[in-house]
Amino acid sequence: MLDDQALMQALNSTPVVEGRRQDLWRDDHDVDTWAREHGGLAGEEERRWLRTARDALQAVESGTSAEPRLRRVLAGVRKVPQPSASGIEWHLEVPPERRLAVELVLAWADVKERMPGRLRPCENSECRLFLLDRSRANTARWCSMKTCGNRIKARRHQARARETPRPE
């Protein structure tokens with residue numbers, strides 16, 4: 001099963017760089033590298049399913065419906081219990097080329113259940129990244145204070161400075 005870090009890598013694979021949206025999974029080699037790092041097969045079908053799952057999850061987290069795409073990814077998938085010496089282990093029954101995409105969706109569902117309200121888009125409207133807020137107060141607003149947070153705060157400061165009349 002994929003962990004939170006793998007989920008965030010996938011969700012954040014379409015950053016905005018110098019004002020232009022980039023797709024770090026556009027290159028097949030890069031998707032294959034990510035897939036292999038997470039136990040995948042690294043092939044054409046797997047890449048297609050991974051991109052579909054990632055795009056659907058990004059849409060859902062950005063407030064857009066992606067139910068049909070998620071249904072396609074999850075179609076016919078079963079989680080089957082298997083007794084073991086340590087108890088029950090759950091195994092996915094899914095075609096091999098779709099397994100990693102299904103695990104990505106399951107990792108997302110797990111985060112939504114364990115940490116409700118903590119996975120969200122960055123509040124910088126020019127950013128396409130997501131954050132997983134691990135703060136106690138659940139008040140994180142930006143993917144990075146160093147980049148987006150500082151930019152937004154600097155813009156607000158400049159706007160206030162323009163509005164405040166200067167003494168003569």
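These are my notebook entries on a predicted model of a protein chain.

**Ground rules.** I number residues from 1 along each chain as its sequence is written, and I use heavy atoms for side-chain values, leaving out hydrogens and water. Since the model is predicted, I ask for pLDDT of at least 70 for local features and 80 or more for side-chain atom pairs, while totals for chains, interfaces and linings use all residues.

**Overall layout.** I looked up the secondary structure and found six helices and six strands in the protein chain. I take both from DSSP runs, numbered from the N terminus: helices are H or I with at least four residues, strands are E with at least two. From the N terminus on, the order reads α-β-β-α-α-α-β-β-α-β-β-α. I then checked burial, with buried meaning under 20% relative accessible area, exposed over 50% and partly exposed in between (1.4 Å probe, protein chains only). Of the 168 residues in the protein chain, 36% are buried. For contacts I used heavy atoms within 4.5 Å. Taking contacts between residues at least 6 apart in sequence, 47% join residues at least 24 apart.

**Helix H1.** I went to H1 (4-11) next. Six of its eight residues are buried, so the rest of the structure largely encloses H1. The buried ones are Asp-4, Ala-6, Leu-7, Met-8, Ala-10 and Leu-11. They pack against H2, H3, H5, strand S5 (119-121) and S6. At the start of H1, I found a side-chain oxygen of Asp-3 within 3.3 Å of the backbone nitrogen of Gln-5. I count a polar contact as a pair of N or O atoms within 3.5 Å; within protein, one must be able to donate a hydrogen and the other to accept it, and residues adjacent in sequence count only if both atoms are side-chain atoms.

**Helix H2.** In H2 (residues 28-37), I list Val-31, Asp-32, Trp-34 and Ala-35 as buried. Down the axis of H2, these buried residues fall within an arc of 160°, so they line one face of the helix. I take that arc from the directions running from the helix axis to the C-beta atoms. The face turned away carries the exposed residues His-29, Arg-36 and Glu-37. Asp-30, also in H2, is partly exposed at 37% relative accessible area. I set Asp-30 against Arg-47: they are 17 residues apart in sequence and 9.9 Å apart in space, C-alpha to C-alpha. The cover over the buried side of H2 includes helix H1, helix H3 (44-61) and helix H5 (96-114). At the start of H2, a side-chain oxygen of Asp-27 comes to within 2.8 Å of the backbone nitrogen of His-29. After H2 comes Gly-39, with a positive phi near 80°.

**Aromatic rings.** I found one aromatic pair in the structure. The ring centres of Trp-25 and Trp-34 are 5.0 Å apart and the planes are at 55°, so the pair is tilted. My cut-offs: rings of Phe, Tyr and Trp (its six-membered ring) pair if their centres lie within 6.5 Å, with planes under 30 degrees apart stacked, over 60 edge-to-face and the rest tilted. Trp-25 is buried at 4% relative accessibility, and Trp-34 is buried at 6%. I then turned to Trp-49. The charged end of Arg-48 sits over its ring, 4.9 Å from the centre. The charged end of Arg-98 also sits over the ring of Trp-49, 5.2 Å from its centre. Sitting over a ring means NZ of Lys or CZ of Arg within 6 Å of the ring centre and within 35 degrees of the ring normal.

**Nonpolar core.** I define a nonpolar core as a set of buried Ala, Val, Leu, Ile, Met, Phe, Trp, Tyr and Cys residues joined through side-chain atoms within 4.5 Å. The largest holds 32 residues, and Leu-7, Trp-34, Leu-50, Leu-57, Leu-104 and Leu-119 touch the most other members. H1, H2, H3, helix H4 (67-74), H5 and strand S6 (130-132) each supply at least two residues. H5 gives the most, with eight residues.

**Positive phi.** I noted two residues other than glycine. Glu-18 has phi near 50°. Glu-18 lies in the loop between strand S1 (16-17) and strand S2 (20-21) and is exposed at 81% relative accessible area. Ala-42 has phi near 65°. Ala-42 lies in the loop between H2 and H3 and is buried at 15%.
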